[in-house]
Amino acid sequence: MPDSGIGAAVKRREDFRFITGRGRYVDDINRPGQLYASFVRAPIAHANVRGIDTAEAEKAPGVVAVFTGEDLEADGVGSLPCGWVVTDKHGEPHKAPPHWPLVRGKVRYVGDHVAVVIAETLAQARDAAELVEVDYEDLDPVVDLAQAGEGAQLHDEAPGNLCYDWELGDKAAVDAAFEQAAHVTKLDLVNNRLIPNAMEPRAAIGEYDVGSDSYTIYSTSQNPHLLRLILCAFVLNLPEHKVRVVAPDVGGGFGSKIYAYAEETVCTWASKKLNGKPVKWTAERSESFLSDAHGRDHVTHAELAMDAEGKFLALKVDTKANLGAYLSSFATAVPTYLYATLLAGQYATPAVHCNVRGYFTSTAPVDAYRGAGRPEATYVIERIVEVAARDMKMDPAELRRKNFIQPDQFPYQTPVALVYDIGDYEPTLDKALEMIGYRDFAQRRAESEARGKLRGIGFSAYIEACGIAPSAVVGSLGAGVGLWESAQVRFNPTGSVSVFTGAHSHGQGHETTFAQLVSEKLGVPYEQIDIVHGDTGQIPMGMGTYGSRSLAVGGSAIVKACDKIVEKGKKIAAHLMEASVDDIEFDGGQFKVAGTDKAKGIGEIAFTAYVPHNYPEGVEPGLDETAFYDPLNFTYPAGVHIAEVEVDPDTGETKIVDWVAVDDFGKVLNPMIVEGQVHGGIAQGVGQALLESAVYDDSGQLVTGSYMDYTMPRADDFCEFRVGMTVSECTHNPLGVKGCGEAGAIAAPAALMNAITDALGAEIDMPATREKVWRHAQAKLKAAAE
């Protein structure tokens with residue numbers, strides 16, 4: 001195995017600065033003359049705003065300005081847009097009410113942005129914000145998703161609070177299959193609402209330069225170019241070349257930092273209003289709970305039709321999706337195209353139909369959270385398959401095997417639009433069964449029961465669509481942007497390399513893996529490669545990081561740029577060695593004349609390119625190439641996770657005693673980083689299944705608004721995760737990679753809930769809290785005693 005190229009378990013080079021406190025985050029940045037913003041947030045979930053009195057706040061010490069929605073409206077500041085148009089089953093676009101950065105006339109959730117106070121110090125801004133008097137006329141909130149269509153009207157533009165009523169699949173074929181079914185399994189599911197809780201809270205600095213009439217925005221963004229595009233084209237109406245967005249080190253995102261938010265918008269606008277004074281805002285953790293885009297929040301009814309042998313005939317799914325009070329940047333797509341299109345799973349189910357109704361409620365906006373629609377789809381499929389196995393009294397592993405898409409069926413057209421290019425699911429299942437010791441599970445269960453414990457095992461055979469693209473496809477489905485990626489590879493005269501990527505790292509390890517990739521492709525020592533990202537003033541236009549797209553799309557762009565470097569290098573090498581370009585071969589950093597011992601290192605070629613004294617005619621100086629890559633298809637990572645639990649019926653404690661994850665990510669660039677991504681994803685999935693849930697009371701107050709109430713998983717909630725891999729390389733990108741960042745979060749909730757319900761012999765919804773588990777465990781013991 002190479003020391004630092006593709007396949008090497010290289011330690012992350014960026015970790016040293018992170019763990020020694022040398023990272024540079026937005027809150028570490030302080031600009032000369034900087035002011036501080038504190039937002040006045042709605043304390044009630046739904047109300048008309050009859051008036052805002054800012055007089056006392058404006059007189060408070062250190063206060064420079066207080067702004068409301070009227071001030072932004074007077075300057076023509078626009079609405080925060082949703083970037084994906086969903087066309088409903090009647091052919092109409094989704095309802096898109098405006099989302100003003102500061103409210104105009106009405107608040108629609110607790111935490112809504114009412115006003116902003118800007119002062120010389122943060123303490124002064126916070127104190128003055130409490131002096132802003134708002135006259136509210138209370139209105140009934142809309143909190144319960146199940147009743148959202150019958151509640152008070154949040155937006156005039158969305159009657160019945162319905163954003164869209166959308167469907168995918170052949171309903172007639174599904175109905176016909178159900179008429180022929182020997183057995184139908186039915187299941188009602190709740191996919192609980194989550195709050196992302198990245199380690200670093202969101203933050204922004206807006207800085208207007210009077211002399212150049214330009215802006216610099218420092219933001220905790222996962223995609224700085226997209227943020228610039230949204231602010232310039234839709235909200236602040238600025239020329240893009242006058243706006244620079246810098247996303248320095250970002251401490252986790254999980255999707256919640258993809259979007260354009262009110263805070264960075266207001267800080268940027270306010271800086272110009274205040275004659276170029278920089279305006280800084282950093283969220284308190286309580287603000288993050290209230291105002292970061294939340295995730296998940298589905299209520300679903302699913303039915304699976306089977307023949308007498310357990311072959312799947314059809315699946316029908318009906319889902320209500322909570323979109324929150326306003327549409328976030330990609331909110332409409334998550335419960336539709338990122339969810340329903342994955343409902344085939346790994347199975348050759350002939351017919352699938354899904355109906356999704358997206359509703360507005362008096363809650364924080366909901367958007368993509370790690371996995372974004374794929375975890376919700378996997379949870380539906382894998383929970384109903386597990387219940388079907390119990391109904392049919394079949395082994396859950398063998399029921400899955402019976403229905404897997406077979407290798408000779410690829411490329412496989414699913415009944416829900418996607419075409420899987422490649423896969424081989426049985427070896428993944430077999431390896432997972434072997435690693436978990438499935439044949440001995442009955443013995444382990446008996447041993448647990450002898451100790452008064454309940455033991456269960458649960459499966460999750462997931463698939464996901466990653467590398468969100470190609471642009472033509474997503475454009476036809478309503479996406480507002482292309483989803484290609486860019487890369488620039490620049491040799492310096494002395495042979496070191498700078499790589500400028502449109503992908504953005506917020507914990508994925510790009511500075512390591514991208515350097516490994518370039519080292520492998522160009523033969524340059526790993527240590528001489530620098531990765532630059534996160535600054536629109538330095539990097540080519542790019543689409544950022546989400547959807548496990550960094551390597552499959554961003555890495556492929558880097559490969560394309562490296563290929564251009566090599567092609568130009570061949571022309572220079574041919575000239576220096578007096579050979580034909582057609583005879584030049586490149587391998588391991590050396591340009592060679594085929595069939596001879598003549599060779600030139602790539603470092604010498606780079607120097608020659610910048611000191612072109614002896615240089616081929618018609619070839620430009622320099623060795624600096626840019627490439628854009630737009631995939632031909634999604635990539636389709638897949639795998640099997642198996643969880644084994646032991647439940648204490650006296651306390652309701654669920655102990656995870658074993659966990660096996662066997663994944664097919666295609667070619668793996670750095671196995672250590674991949675394993676870390678799997679571990680992190682599983683941890684988040686376990687958090688959802690066991691502990692986490694964002695809960696609003698009937699009045700619309702977030703009652704889980706701090707870590708005292710919103711329970712995050714800790715190290716002692718986990719066992720050791722055992723990871724294995726199989727490989728079927730992606731057929732349509734130059735690396736054969738598929739993506740790994742979301743797999744654990746996609747697979748884990750279903751695996752764990754299947755194990756818990758297996759132990760209890762009863763169905764429960766996430767999160768499986770101790771109280772819930774205890775009640776069902778006691779019921780099982782009582783039934784056994786009778």
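Student: How far apart are the end C-alpha atoms of helix α14 (residues 510-522)?
Tutor: This is a predicted model, in which local features need pLDDT of at least 70, side-chain atom pairs count only at pLDDT 80 or more, and totals for chains, interfaces and linings use all residues. Residues are numbered from 1 along each chain as its sequence is written, and side-chain values use heavy atoms, with hydrogens and water left out. Helices are DSSP runs of H or I with at least four residues, strands are runs of E with at least two, and both are numbered from the N terminus. The expected span of a helix is 1.5 Å times one less than its number of residues, so the 13 residues of α14 should span 18 Å, and this agrees with the distance between the end C-alpha atoms, 17 Å.

Student: How many residues of α14 are buried?
Tutor: A residue is buried if its relative accessible area, found with a 1.4 Å probe on protein chains only, is under 20%, exposed if over 50%, and partly exposed in between. Among the buried residues of α14 are Phe514, Leu517 and Leu522. The helix is mostly covered, and of its 13 residues the number buried is 11.

Student: What is the volume of the largest cavity?
Tutor: On a 1 Å grid over the protein atoms alone, a cavity is a set of points where a 1.4 Å probe fits but cannot get out, and lining residues have an atom within 4 Å of a point. Grid points are joined across faces, edges and corners, and a volume is the space filled by probe spheres set on the points. A search of the whole structure finds six cavities of 30 Å³ or more, and the largest has a volume of about 130 Å³.

Student: Between which domains does the largest cavity lie, and why?
Tutor: Domain bounds come from an automatic or database domain assignment. Both of the domains in question give residues to the lining of the largest cavity, so this cavity lies between domain 1 (31-139 + 202-282) and domain 2 (295-468 + 633-785).

Terms used. 1 Å grid on protein atoms, 1.4 Å probe; cavity = no way out; pocket = protein on both sides within 12 Å on 5 of 7 lines; lining within 4 Å.
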